[in-house]
Amino acid sequence: MTDTHCPYCSLQCGMRLVRRGRDLEVEARPDFEVNEGALCRKGWTATGLRGHRERLTSPLVRDRATGELRTASWEEALDLVASRMTAVQEEHGRDAVAVFGGGGLTNEKAYALGKFARVALGTSQVDYNGRWCMSSAASAANQALGLDRGLPFPLADVEQTDLLVLVGSNLAETMPPAARHLDRLRARGGHVVVVDPRRTATAERADTVLQPVPGTDLALALGLLHLVVAAGAVDEEYLAARTTGFEAVRREVAAWWPERVERVTGVAAEELRALAGRLATAPRVMVLTARGAEQHSQGTATVLAWINLALALGMPGTAHAGWGCLTGQGNGQGGREHGQKADQLPGYRMIDDPSARAHVAAVWGVDPDDLPGPGRSAFELLERLGTDDGSRALLVMGSNIVVSAPDATRITARLEALDLLVVADVVMSETAALADVVLPVTQWAEETGTMTNLEGRVLLREQAVAPPPGVRSDLEVLAGLAARLGSPSHFATDPAEVFAELGRASAGGRADYAGITHERIRGGQGVFWPCPSREHPGTPRMFAEEFATPDGRARCVAVTHRGAAEQPCADYPLHLTTGRVLAQYQSGAQTRRIRDLPDTGPFVELHPMLATRLGAHDGDRVVVATRRGELEAPARITDAIRPDTVFVPFHWVGANRLTNAALDPDSRMPEFKVCAAAVRT
Ligand SMILES: Nc1nc2c(c(=O)[nH]1)N[C@H]1C(S)=C(S)[C@@H](COP(=O)(O)OP(=O)(O)OC[C@H]3O[C@@H](n4cnc5c(=O)[nH]c(N)nc54)[C@H](O)[C@@H]3O)O[C@H]1N2
Ligand SMILES: Nc1nc2c(c(=O)[nH]1)N[C@H]1C(S)=C(S)[C@@H](COP(=O)(O)OP(=O)(O)OC[C@H]3O[C@@H](n4cnc5c(=O)[nH]c(N)nc54)[C@H](O)[C@@H]3O)O[C@H]1N2
Ligand code: SF4
Ligand SMILES: [Mo]
């Protein structure tokens, strides 16, 4: 029996794994406070990938003569990768080899991957799929609060607030056990607001639902703040004591009167006034944003606008109130702290900061001048692959780019243009299928490592079973390659040892893990970072006294609404948005292979009015077209969506052939959540 955590989302639900003969079964673990024994169906079925017939168990190498993948020994595969990477770098320079990581990797792996890029390869070209996840919230939080920890308070604080505003989160499907907090909040008399173009399962559990046009949340936030200012409900004392910059924000929102906001967002002025009235009077207000608000070319500005609203009401840093972002991937939080991001070193240190470079270089035993500078963001790195201006070899660890990248047809072509594509994965993902070398790695339950959940709680995910013969851990892969590349720094393969090194590298940084060890968090409730020493209890709640900015004050950053990069036109008159369903996870590489989870394939949600205009019936195949591509899939007719909007889940190949890769200028987040589309039968 092993107490551990789920392999999937950022809630990192506690679960118990029990061996019954050759089977491994999931049982509830009621003592873990984040989920109190509850799991969603993905969690209950998570062991289904163990022993799956499509599990990779041997390295594969593409045969030059036949073009097919054939099995190879680890020696052959690692020798080949190292020698070809070396050859590419000798011919084209260090940056010609790039690395792409994932927010599902443990802290140990994310740390080792960033170190591998900077030290073993000496490349600046490293980034990861978290850039497509919560990066807009991260850049907004860094600007406004001086620090990026998704939730600066434990999730259960949600229950104690008075007015909860969920902007672009469908948590009833994306983190189902968290939905109980909404029910408890309402049972206490609190009020839940959901802002989403679709009336989702989460909206069904809310008191107020606003259904804006996709890509207009920024205007909505400006309009609400306009009304709060007009009502004289701004907490002037708090603003004076704890923030700077509000006067510019006040001037900006003056122009966002309700009727103007109604024209932009489609949300009736009356609904705006009603919500503003609640905001003005609720003792405690909590705003939580997720991908619906963030995955936009103005995602950072949108989050800043919602933070401004929370600051104007005097909430951040006070009990059971404020702003937070619901991070998504299992280690979405820790994955962005330890150096797989293009501009970062471990401990959330910035790579262009000389003292950060000196500290980390000392831990790695290298000269700070030998560390590369900042590299390109995920999409910018991928869109240049195989060109004169980009890398020619790529190592992918923990992402299924072919399915999940925006404008995926273009990105898949870039992967195909590489001299060398190496993919470490558990299964033959759509991306692994394109690789020259596939490295089969251990998965959750077969290895130990730490995860940092959406609250900044550092948890130990423990090994419960032996891996199948033939696979190696990601840490072993990186160590094996680093040795062959003649790395000047040692790469440990024992996760506890790597975590201790990570602790030293993060010490004194913004995300300080120095006081946490595997031993300390085994089987418990985890420890919230920052935790600088063994004696330190960890930090569940932040900002009570001051914000993490140099002067301790939050920054109100004036932002204005510009709108989605691509607006509907005569040829593409609708808005397309994308997202998730409960039973599938991300690119589906794992969950589409689990027998007990329904694998429906993509579908197109559309409103009955639109369906009538098109002459489409429920289940009919329809074609969604955008300027980038087309997808044919069955129609799902539902009055829960706006009549001017269609929705496609992205768990299957197809949705991302449609999406627009317009990037946010600060976070470099692509606009997954809105583009112009046409639908035909
Ligand atoms: N079942 C399941 N759970 C998951 C995942 C999964 O793949 N499957 N992935 C995990 C990960 S990595 C993440 S990032 C999280 C994501 O968690 P969420 O952010 O909750 O998930 P999404 O479905 O991407 O988007 C949420 C909602 O945004 C709405 N939306 C679309 N456009 C807009 C808009 O312009 N404005 C607003 N306000 N809303 C909009 C969509 O209709 C959708 O209901 O989920 C995590 N949990
Ligand atoms: N249209 C659209 N596209 C989106 C989104 C959207 O809302 N709409 N959301 C975006 C978001 S928020 C995210 S987070 C991304 C996610 O998209 P991806 O980056 O594709 O995420 P996953 O499907 O989780 O991919 C993880 C891959 O790594 C493998 N894997 C799992 N664990 C490990 C491990 O420990 N080691 C190794 N080596 N491999 C492992 C899995 O089998 C899988 O193939 O998609 C983004 N794409
Ligand atoms: S909510 Fe997330 S962590 Fe919990 S069981 Fe479901 S997928 Fe796993
Ligand atoms: Mo995500």
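This is a predicted model: local features need pLDDT of at least 70, side-chain atom pairs count only at pLDDT 80 or more; totals for chains, interfaces and linings use all residues.
The shell around ligand 3, which is where I would like to begin, is made up by class of 10 nonpolar residues, two polar residues and one charged residue. Of the 13 residues around ligand 3, the ones that come nearest are Cys6, Cys9, Cys13, Cys40 and Pro177. As for where that shell comes from, domain 1 (2–44) and domain 3 (135–326) each supply at least three of its residues.

Let me turn now to ligand 1, around which there are 32 residues, with Asp196, Asp217, Arg580, Gln584 and Gln586 coming nearest. Sorted by class, the residues of the shell around ligand 1 are nine nonpolar, 15 polar and eight charged.

Which side chains have an N or O atom 3.0 Å from a nitrogen atom of ligand 1? One of them is Lys42, whose side chain places an N or O atom 3.0 Å from a ligand nitrogen, and Thr577 is another, again through an N or O atom of the side chain and again at 3.0 Å from a nitrogen atom of ligand 1. With Gln584 the contact is to the backbone, a polar atom of which is 2.6 Å from a nitrogen atom of ligand 1. On its own, ligand 1 has 910 Å² of accessible area, and the protein covers 100% of that area.

The space that ligand 1 takes is the second largest cavity. In terms of secondary structure, the elements that give two or more residues to the shell around ligand 1 are the helices α5 (171–174) and α12 (291–294), together with the strand β23 (574–579). Why do we place ligand 1 between domain 3 (135–326) and domain 4 (574–680)? We do so because both of these domains give residues to the shell around ligand 1.

Terms used:
Residues are numbered from 1 along each chain as its sequence is written. Chains are lettered from A and ligands numbered from 1 in the order in which they are written. Side-chain values use heavy atoms; hydrogens and water are left out. A residue is near a molecule or strand if one of its heavy atoms lies within 4 Å of it. Ala, Val, Leu, Ile, Met, Phe, Trp, Tyr, Cys and Pro count as nonpolar, Asp, Glu, Lys and Arg as charged, and the others, Gly among them, as polar. Domain bounds come from an automatic or database domain assignment. A polar contact is a pair of N or O atoms within 3.5 Å; within protein, one must be able to donate a hydrogen and the other to accept it, and residues adjacent in sequence count only if both atoms are side-chain atoms. Accessible areas come from the Shrake-Rupley method with a 1.4 Å probe; for residues, only the protein chains shown count as cover. On a 1 Å grid over the protein atoms alone, a cavity is a set of points where a 1.4 Å probe fits but cannot get out, and a pocket is an open set with protein on both sides within 12 Å along at least five of seven lines; lining residues have an atom within 4 Å of a point. A molecule sits in a cavity or pocket if more than half of its atoms lie within 2 Å of its grid points. Helices (H or I, at least four residues) and strands (E, at least two) are DSSP runs, numbered from the N terminus.
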